[in-house]
Structure formats: C-alpha cells, structure tokens
Amino acid sequence: MAELTQVLRPLIPVDSEEALVDASTRDDAAVYRLNPERALVITVDFFGPVVDDGFDFGRIAAANALSDIYAMGGRALFALNLLGFPRKLLSSGVLEEIMAGGQEIATLAGIPILGGHSIDDPEPKFGMVAVGEVHPDGIVTNAGLALGDHLVLTKPLGTGIIATAVKGGAATEGEIEAAVRSMTHLNREAAEAMTASGVRAATDVTGYGLLGHLRTMLSNSGVSATLRRGDVPLLPGTVRLAEAGHIPGGTRRNLEDLGGTVRFDPGLSEVDRLILADAQTSGGLLMAAGEEILEDLLARLDGGPFDATVIGRVTDGPEAVVTVEP
C-alpha cells in the first residue's frame, strides 16, 4: 500500500481512533480496530508477470499480497482476487493457470478466496486484497526500533534482478527455480516466530528494496543503522546477472531516491549498491530484535527453507542514515 503514499497522503486525512495504522507511516497494511480484542489488517497488491509461467505468476502474486498481513503480525482470514487480463487471450488457458496458482497459495495459507474483480487489460495483472486480524496490542509495525537491536532478514535478495534477466532470456533454469521458490514461500512461519519471540518492529522487503524499507523503519523510529553487505544473503545468480546489466528500472530509482541517507563504504561497487536497493517481489521479513530475544528468534526461525541472517544493527547518530560496510 506504500507505493502511492506520497500522492494519497494529502487526499485522505484520517480522523478515527479506530484506525490504528494508516498510510502516513508507509507501513505494510492498514489496521482498523473492531473492539479491544480484535483489529482487521487489510492490504492490496497486484502487478504484471515477473516470470513466464502463469501458474508460478499466480503463486508469486498471492504470496506477495499475503506477506503484508504477516509483516504486521497478523493472521490471514480471506482474500479477494484482482485481475486484469486481455479478452482476446481468454481461450489460451493462461488465465486458468494464474488463478490456479493463486488458489494453491491461498490453500497453503489456510484461507478462502471469497470473490474478486476483473477487467479487460492488454497486459495480464494479478494480485489480491488480503484481509487478516491481529490483537490491537500485538501489532508489529515498521517503527519502534531501539538502539542495539539486531537486524534479521529471512529471505535472500535478488528477485528483481533475476526477474529482469528472465525477460532478457539470461537467467538459468536453476536461478529461476531458486527465485520462484523464494517468491512463492509464505512468510507465515517467519511471522509466527517473530510474534512468539516478542519482535515488535518489522516490515517485508518488496518494491523499495532492502535499503528503502530499512530507511523507512529508521525514519519512523528516529535511529540509524549499520548494515554489512557481506552478511546479506543473495539468490544464486544475483551478482552475475547484475554485473551483466540486468538491473530493473525500479532498482535504479530506489538507489537514486536514497540520496545522502545511505553512506556506502568506498570499497563497495555499484553492483553491491544496486543489489541492496533491488526492487523485490515477495521478499522476506526484515525484523529488529533486541539482544534479549535474538537467540530465541533465530532458534524459532531455524529449519526453514532459507537461513535467517543477522545483517546489521541499529545505531545512534544522524537520524535514518544507513552505513553500509563491506
């Protein structure tokens, strides 16, 4: 929901005690309190194909939409489909593949798809409105980072670069399979570990890239951070494909938008910098964990398909500045 925040913010002033999270903080989803024990978590996300296979595209789009619910510490309840598709291709079978992919992820998440909306569109687009719930006292937001917190990332980076390479026919089958495996993996288990261990500040890494989402967290918390490039996990082929020039336009814009809020070590290459700003699809959760809960959090995350990695730490200093070390 953050993509058009800057445009929408002056248009939708919020004056409601029940609106616990709105667009003003550029968080992952809206949260609306129903009563002292329950609040709705609601988000929407859709986009064009990032892979060639229709079934995988449907799975990726559904997992990406549901990720916002998990990033807020919520439990998914149901979803609505959002579909744009060219009428002339209705008999191709691709539409059925996309919808089947979305349904598979919804089934894995344990939720029903209750309906949706479709339009005639020259380029296929798919996504979901996802609805979940959370206790009002248990909301995990992109604020509240504290000095000394460890930054934990649950999935490797590189999906934007690999998706761009897919369009250019440059990614290998193994690289594509690894990226699809990451993008279709639900963040549900990571979110359960997050809430069980007491993490209160997190976000999922999507279109603004790791650095962009981290900067928002730091700005909302009034702190800074140090990141270690060498500790950030990457999908197979990410460096090779980035060095070959398969960089999404959104990734380049992300890096430009960071301006002086990121201080890179002089030894880091342009490729290193672009990877950290790579626009992700259905990325992992970025959590801030205090020293007292870090060991428990990592133990709960252990055993998943991806290694949860400590990639940096929250520091004092100029507000919302990220220092990137090799």
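**Entry 1: H246**

I looked up H246 and found it buried, at a relative accessible area of 18%; buried means under 20%, exposed over 50% and partly exposed in between, with a 1.4 Å probe and protein chains only. I placed H246 in the loop between α8 (238-243) and α9 (249-258). Helices here are DSSP runs of H or I with at least four residues, strands are runs of E with at least two, and both are numbered from the N terminus. Leaving aside neighbours within four places in sequence, I listed the contacts of H246 as I161, T164, A165, A170 and L241, where contact means heavy atoms within 4.5 Å.

I note that the model is predicted, that local features need pLDDT of at least 70 and side-chain atom pairs pLDDT 80 or more, and that totals for chains, interfaces and linings use all residues. Residues are numbered from 1 along each chain as its sequence is written, and side-chain values use heavy atoms, with hydrogens and water left out.

**Entry 2: the chain as a whole**

I counted eleven helices and 13 strands in the chain. The radius of gyration is 19 Å, close to the 20 Å that the globule rule gives for 326 residues, so the chain is as compact as a globular protein of that length. This radius is taken over C-alpha atoms, and the rule is 2.2 Å times the number of residues to the power 0.38. Along the principal axes, the C-alpha atoms fill a box of roughly 60 × 55 × 45 Å.

I found that buried residues make up 52% of the 326 residues. Of the contacts between residues at least 6 apart in sequence, 84% join residues at least 24 apart. The chain exposes about 14,000 Å², and carbon and sulfur atoms supply 52% of that area, by the Shrake-Rupley method with a 1.4 Å probe.

I located H150 in strand β7 and found H150 buried, with a relative accessible area of 10%. H150 and L218 are 68 residues apart in sequence and 13 Å apart in space, C-alpha to C-alpha.

I then followed the chain to P156, in the loop between β7 (150-153) and α4 (159-167). P156 counts as buried at 11% relative accessibility. With residues up to four places away in sequence not counted, P156 touches S182, P233, L234, L235, Q280 and F306. I also checked P156 against F85: they are 71 residues apart along the chain, and their C-alpha atoms are separated by 31 Å.

**Entry 3: positive phi**

I noted S282, a residue other than glycine with a positive phi near 50°. S282 sits in the loop between α10 (270-276) and β11 (285-289) and is buried, at 2% relative accessible area. R26, also not a glycine, has a positive phi near 55°. I found R26 in the loop between β1 (19-21) and β2 (30-35), where R26 counts as partly exposed at 24% relative accessibility.

**Entry 4: the second largest pocket**

I looked up the second largest pocket and recorded a volume of about 200 Å³. A pocket is an open set of points on a 1 Å grid over the protein atoms alone, where a 1.4 Å probe fits, with protein on both sides within 12 Å along at least five of seven lines; lining residues have an atom within 4 Å of a point. The volume is the space filled by probe spheres set on the points.

The lining has 13 residues, and H185, E189, A190, L301 and G304 lie nearest the centre. Helices α6 (188-197) and α11 (291-301) each supply at least two lining residues. By class I recorded six nonpolar, four polar and three charged residues; Ala, Val, Leu, Ile, Met, Phe, Trp, Tyr, Cys and Pro count as nonpolar, Asp, Glu, Lys and Arg as charged, and the others, Gly among them, as polar.
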